[in-house]
Amino acid sequence: PLIVGLHKRLTRRTTPLLAWTFNLGGIYGGARKTLARFALHSVDRFIVHSRREIASYSEWLDIPPDRFRFVPLQRPVRPIVFAEEEARPFVLSMGSARRDYRLFFEVMADLAYPTIVVAGEQALEGLRIPRNVTVHHNLSITQCHELAQKARINVVPIDNPTTAAGQVTLVESMMYARPTVATRSIGTEDYVEDGKTALLVPAGDHDAIKLAIRSLWEDEQRRKNLGLAARKHVEEHLSDEAAGRML
């Protein structure tokens, strides 16, 4: 949208411009901020995928908030082809963008449950990896989806107070009817009915995330209930068809 917006502004075109899936990894300043404000001023409507991003982007770009709209991030609803791994159960955490793996590793070291992490090397740099945690890099999308379906619990630990992160991982975990624990953050709070479709925990709260994971690990019926409710929510509100109606 920045490139198209810059072109629109420099050529003085009036073609309506819609920036769908407008998301930034972080807010920055200096020359990049100046360029963004100049170019994106010509965007007629920004579609963001978390409500709190409206205020932060509006202030950062100096653009009225009424030019922003919240639409839930959609994913194509895929069939569930793998069952939970019951013989060798494990906790799974995937993703690299603004993850709080330091906290997650501390919690999993305490719990000692078998754990798999799929993340880029930079996301784990300098962290001590517990002996019960297996790390994978550069897996294919197909391999990631298989792990997401087989995990007993999926965990999305987020460390990002300013922009959205973790939404794709969260939505796909819910789509596969897996019980999910996620940090309450800008990127997750619009997608979960806490205690019904997933569990949300406060950012940086070691005891809260530990309790949430342990409670699900030990309660098969609760895992099943969360997973089924999550799948239904994705089908009704976070599918391509749902996004099409919003568009």
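**Note on helix packing and strand pairing in a predicted model**

1. Helix α3 lies across β2 and β3, and its direction makes an angle of about 160 degrees with β3. The model is a predicted one, and the points below should be read with that in mind. Helix α3 covers residues 52-61, and seven of its 10 residues are buried, so that the helix is mostly covered. The buried residues are Glu53, Ile54, Ser56, Tyr57, Ser58, Trp60 and Leu61. Among the elements that cover them are α2 (30-40), β2 (45-48) and β3 (68-70). Just past the helix comes Asp62, with a positive phi of about 55 degrees.

2. The strands β2 and β3 belong to an open sheet of three strands. In what order do the three strands lie? The order is β1-β2-β3, with parallel pairing. The edges are formed by β1 (18-19) and β3, each of which pairs on one side only. Strands β1 and β2 run parallel and are joined by two bridges. Across this pair, Leu18 stands opposite Arg45 of β2.

3. Strand β4 (residues 91-94) pairs with β5 in the parallel sense, over four bridges. Val91 has Thr115 of β5 opposite it. In general, the side chains of a regular strand alternate between the two faces of the sheet.

4. The next helix to consider is α4. Its buried residues are Tyr101, Leu103, Phe104, Phe105, Val107, Met108 and Leu111. After α4 comes Ala112, which has a positive phi near 65 degrees.

5. How are α4 and α7 placed relative to each other? Two packed helices are described by the angle between their axes and the distance between the axes. For α4 (residues 101-111) and α7 (residues 206-217), the angle is about 50 degrees and the axes are 10 Å apart. The two helices are therefore oblique to each other. Their crossing is right-handed. On the α4 side the contact is made by Leu103, Phe104, Glu106, Val107, Met108, Asp110 and Leu111, and on the α7 side by His206, Ile209, Lys210, Ile213 and Arg214. By class, this contact has seven nonpolar, one polar and four charged residues.

6. Helix α7 also packs against α8 (residues 220-237): their axes come within 6 Å and cross at roughly 105 degrees. The pair is therefore roughly perpendicular. Ser215, Leu216 and Trp217 of α7 meet Arg222, Arg223 and Leu226 of α8. The residues of this contact divide into three nonpolar, one polar and two charged.

7. A further helix pair is α1 (residues 2-11) with α2. These pack at an angle of about 60 degrees, and their axes are 7 Å apart. That angle makes α1 oblique to α2. Which hand does the crossing of α1 and α2 have, left or right? The crossing is left-handed. Helix α1 contributes Leu2, Gly5, Leu6, Arg9 and Leu10 to the contact, and α2 contributes Leu35, Ala36, Arg37, Phe38, Ala39 and Leu40. By class, the residues of the contact are eight nonpolar, one polar and two charged. Helix α2 is also among the elements that cover the buried residues of α3.

8. Is Glu241 buried or exposed? Its relative accessibility is 53%, and Glu241 therefore counts as exposed; the cut-off for exposed is over 50%.

Notes:
Residues are numbered from 1 along each chain as its sequence is written. This is a predicted model: local features need pLDDT of at least 70, side-chain atom pairs count only at pLDDT 80 or more; totals for chains, interfaces and linings use all residues. Side-chain values use heavy atoms; hydrogens and water are left out. Buried means under 20% relative accessible area, exposed over 50%, partly exposed in between (1.4 Å probe, protein chains only). Contact means heavy atoms within 4.5 Å. Axes are lines fitted to C-alpha atoms, for helices over the stretch in contact, and angles run from 0 to 180 degrees between N-to-C directions. Angles under 35 degrees count as roughly parallel, over 145 as roughly antiparallel, 65 to 115 as roughly perpendicular and the rest as oblique. A crossing is left-handed if the near helix is turned anticlockwise from the far one by less than a right angle, and right-handed if clockwise. Ala, Val, Leu, Ile, Met, Phe, Trp, Tyr, Cys and Pro count as nonpolar, Asp, Glu, Lys and Arg as charged, and the others, Gly among them, as polar. Two strands pair if DSSP finds at least two bridges between them.
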